[in-house]
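User: Could you pick one part of this model and take a close look at it for me? I'd like one connected walk-through, with your cut-offs spelled out as you go.

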Amino acid sequence: MTRSQEHNRVPGQQASQDDDPFPLDDLVLDEPYRFRVDGRVYTDAHLFALEMDRIWRRSWLYVGHESEIREPGDYRTAVLAREPIILSRGEDGGIHAVFNRCMHRGAALCRDDRGHANHFRCPYHNWVYRNDGTLVGMAQKSGYGSHFDTSELDLVPVPRLEAYRGLIFANLDPAAPALQERLGPSAWYIDQWADRSPTGQMSVAEGVHRYSYPGNWKFQLENGVDGYHGNYVHDSFVKILHRAGDRSRQDVVRARNRLGSNASAKGLPRGDGLLEREDGMLGTFDYASRDEYRRSLVEAHGSARLQDILTQRNLLIFPSVYLFESHIRVIRPISPTSTIVDTIPTRIEGIDDAINTERLREHERFFGPSSFGATDDIEIFVLNQTGVQAEVPRWLDFSRGLERERVADNGERIGHSTDEAPQRAIYREWRRMMLSGEGPS
């Protein structure tokens, strides 16, 4: 086995004569006029294990929103890479994140998505922990004797926990850079998303739309910033809008084809990316006629920012989370061919409740369980996964717009809103992290 092969072997996997690891540097081909990805990145179990180790265990991952744990005792559970955690608000007002694993025999302490509790009690042998993770009780403690040391039996805290604009991120890598350093230019776009509120605060509503699909996680990652597929996959929804008199087909096509400073697809550093359209996308609320709301934004943030704030964007923070106009979308890989997605509607703080209700209704129409949009995309993911089982035709092509994209001083690669600049950013970062084996630098 060569040194390169040894490096590419899955951690814990024993070398053998049958080992034939993929050359990782050949799975993404970034050429002057062509960008291609090997189809095995969606199917291979060894590559999936490497992704978990080199990307998901070393990235800042979204785990919750501050509005979900407003009061001391509030908690929510989440999954960090593949490790269950509990996020809670302590009596001191601070946010704590601990692994959801009893220090006695390893049972998960909490199974609910959200709730309120000052203590977590293990259902197996009744060990009890304060919501900051401190062990405060052991059933039949006398059986352990007087010399039993409990000093290392508090719940283990997650190595890194930071928040930006109410979004809480965690990281399993103690050496990861600070969250804001990692976000870089993406922080500006998060600011525009959060400042849709005149108070600068978004919140998360009760409830989540959770779905799974039999396909690789990167299909969902690619799709949220794909401005190319709407003309075809979502044509039935465009017809519904047209027939209902809500929006003409011509207006939808005009918005997609418009060229301008806020109508583009962008690949950002670190695998982030976005799709933005100043005249709106499918499934997004139209704020054009909401004069009172627009005035409140001008008063709060200034008229110079109004256009940037109201531009509709799908923003990806690689590799786990999207910020849409109406919701937060969290991606959770289960296996090479299985993915869970949480779609969590948001509320804009400081505005008329009627607007939030209308936003939610529009969200449900395109993104909800019985919607006309998200369901179409899931069908495409299944078709993707079925198709890539054919390995003789090796490559998937992401070259659209490669020749016409421009690179800004901050590293953004900017293309037409139907170009594949964001997908190329995803796979450049995927390749970098998979090859480095050391996570973000």
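**A strand with two neighbours**

Analyst: Let's start with strands β4 (residues 74-80) and β5, which run antiparallel and are joined by six bridges. Keep in mind that this is a predicted model, where local features need pLDDT of at least 70 and side-chain atom pairs pLDDT 80 or more, while totals for chains, interfaces and linings use all residues. Numbering starts from 1 along each chain as its sequence is written, and side-chain values use heavy atoms, leaving out hydrogens and water.

A quick word on terms: strands (E, at least two residues) and helices (H or I, at least four) are DSSP runs numbered from the N terminus, and two strands pair if DSSP finds at least two bridges between them.

How enclosed is β5 (residues 83-89)? Five of its seven residues are buried, so the rest of the structure largely encloses this strand. Buried here means under 20% relative accessible area, with exposed over 50% and partly exposed in between (1.4 Å probe, protein chains only). As background, side chains in a regular strand alternate between the two faces of the sheet.

Asp 44 caps the N-terminal end of α2, with a side-chain oxygen 2.9 Å from the backbone nitrogen of His 46.

Lastly, a loop residue: Arg 394 sits between α12 and β21 (395-397). Its relative accessibility is 32%, so Arg 394 counts as partly exposed. Leaving aside residues up to four places away in sequence, Arg 394 touches Asp 26, Val 37, Asp 38, Gly 39 and Arg 40, where contact means heavy atoms within 4.5 Å. Phe 367, by contrast, is 27 residues from Arg 394 in sequence and 32 Å away in space, C-alpha to C-alpha.

Note on methods:
A polar contact is a pair of N or O atoms within 3.5 Å; within protein, one must be able to donate a hydrogen and the other to accept it, and residues adjacent in sequence count only if both atoms are side-chain atoms.
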